[in-house]
Amino acid sequence: MKLTAWYTLRKFVYNNLHNEDYETPLSRGLNYFLIALIMSNAAAVLLESVQKYYVLYQDFFYYFEIFSIIIFSVEYLLRFWSIAESNSFESDWKNRLNWVKSGGAIIDLLAILPAYLNFFVQFDLRFLRIVRLLRLLKLTRYFVSLQILLRVIEREKGSFQAVIFILMIMIIMAAAGVYLIESQAQPEVFSSIPASMWWAVVTLTTVGYGDVTPITPLGRFLGAIITILGVGLAALPAGILANGLANELEQRKEKLELRFRELIQNSDIDFVLETEKIEEVRKEVGLTKEQTHDIILQLIREQKEESLRQEREQYAYCPHCGKKLPE
């Protein structure tokens, strides 16, 4: 009996912390509380950097940080414990190991780990403040737009790696070229290839701060060529990201439309009279009103076509002998 209650409690915790399809007032309230706590932590980090506020409210910042660490630690432990319910075909510890290696778990760990490490290794206070801003990454769990962005980055990581590799080669080649041409004219600026990489980076990315510039005609010609190449290269990651986002949003739209169709058809809803039920299903699935309207029209059209087809079949046979009538 006690073991059953234990598993019931674990399932309850799993549903409220992990299960995206499980939504109750408690799960929503818990999500809102954690979102507010994450945002408050970010605000606290920003205000602590203002010296007059830090001196005035130092005790408040200290105790708020202790409170936050306790909450985030309890959340991490509960997630670690309850994730065993995620896959009944795997062992509890296998599920937990898979979760620990996931991106969400790593972000959760980074949100609390520096505070515990500070007990053993004393960090610079400014470093700890900045690291605490990593807690903002926890918001990816609660906002669909951020989840979509992370999925696109993960899916297109091969393309991003290729672009970064090409950019690194171009930076090294550009730095070597400008060093060879400008090192004698400006030995204090282009003193080595690593020192010339700053100019190569700002030129390839078309930022061009102007703090380091070639002065020889050949150096300026090289700079112009690299700038032109940089326009195309710098646009590659943006193009990959835009294309990935478009594909992800289209796939998400198709999944939502398919789910909406299934719910509508299984519920046998009257499209004309039961508009409130349709609105409830729309909100549950997450479609826009325009998408819902298009699907409803398509379903009505399909129903009419099916009705006409059945009518044609009904009158295609002789009622006396049962033979198919000639068309």
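Predicted model: local features only at pLDDT ≥ 70, side-chain atom pairs only at ≥ 80, totals over all residues.

Reader: Which ring does the charged end of Arg-96 sit over?
Author: The ring of Phe-80, with the charged end 5.8 Å from the ring centre. A charge counts as sitting over a ring if NZ of Lys or CZ of Arg is within 6 Å of the ring centre and within 35 degrees of the ring normal. Arg-96 also lies over the face of Trp-93, at 4.7 Å from that ring centre.

Reader: Ok. How many helices and strands does the chain have?
Author: There are 13 helices and zero strands. Both are DSSP runs numbered from the N terminus: helices are H or I with at least four residues, strands are E with at least two.

Reader: Which residues does UniProt list as "transmembrane region"?
Author: The unreviewed entry lists 29-48, 60-82, 102-121, 159-181, 188-209 and 221-246. UniProt positions are in the numbering used here, feature names are shortened, and annotations may be inferred rather than shown by experiment. In the model, residues 29-48 are 100% helix and 0% strand, with the end C-alpha atoms 28 Å apart. Residues 159-181 are also 100% helix and 0% strand, and there the end C-alpha atoms lie 33 Å apart.

Reader: Switching to charges: how many salt bridges does the structure hold?
Author: Eight. The rule is a side-chain nitrogen of Lys or Arg within 4 Å of a carboxyl oxygen of Asp or Glu.

Reader: What does Glu-85 pair with?
Author: Glu-85 forms a salt bridge with Arg-10, and the closest N and O atoms are 2.9 Å apart. Glu-85 is in the loop between α4 (58-82) and α5 (92-100) and Arg-10 is in helix α1 (residues 2-17), so the pair ties together parts 75 residues apart in sequence.

Reader: Is Arg-10 buried or exposed?
Author: Arg-10 is buried, because its relative accessible area is 5% and buried means under 20%, exposed over 50% and partly exposed in between (1.4 Å probe, protein chains only).

Reader: Which residues are linked in a network of salt bridges?
Author: Glu-75, Arg-79, Asp-108, Lys-138 and Arg-141. Arg-79 and Glu-75 pair at 2.9 Å between the closest N and O atoms; both lie in helix α4, four residues apart, about one turn of the helix. Arg-79 is buried at 1% relative accessible area, and Glu-75 is buried at 5%.

Reader: How about Lys-138, what does its side chain meet?
Author: Asp-108, in a salt bridge of 2.8 Å, N to O. Lys-138 lies in the loop between α7 (125-132) and α8 (144-155) and Asp-108 in helix α6 (residues 103-117), so the pair ties together parts that are 30 residues apart in sequence. Lys-138 is buried at 2%, and Asp-108 counts as buried at 3% relative accessibility.

Reader: Last one: where is Tyr-53?
Author: Tyr-53 is in helix α3 (residues 51-56). At 35% relative accessibility, Tyr-53 counts as partly exposed.

Key: Residues numbered from 1 in each chain as written. Heavy atoms only, no water.
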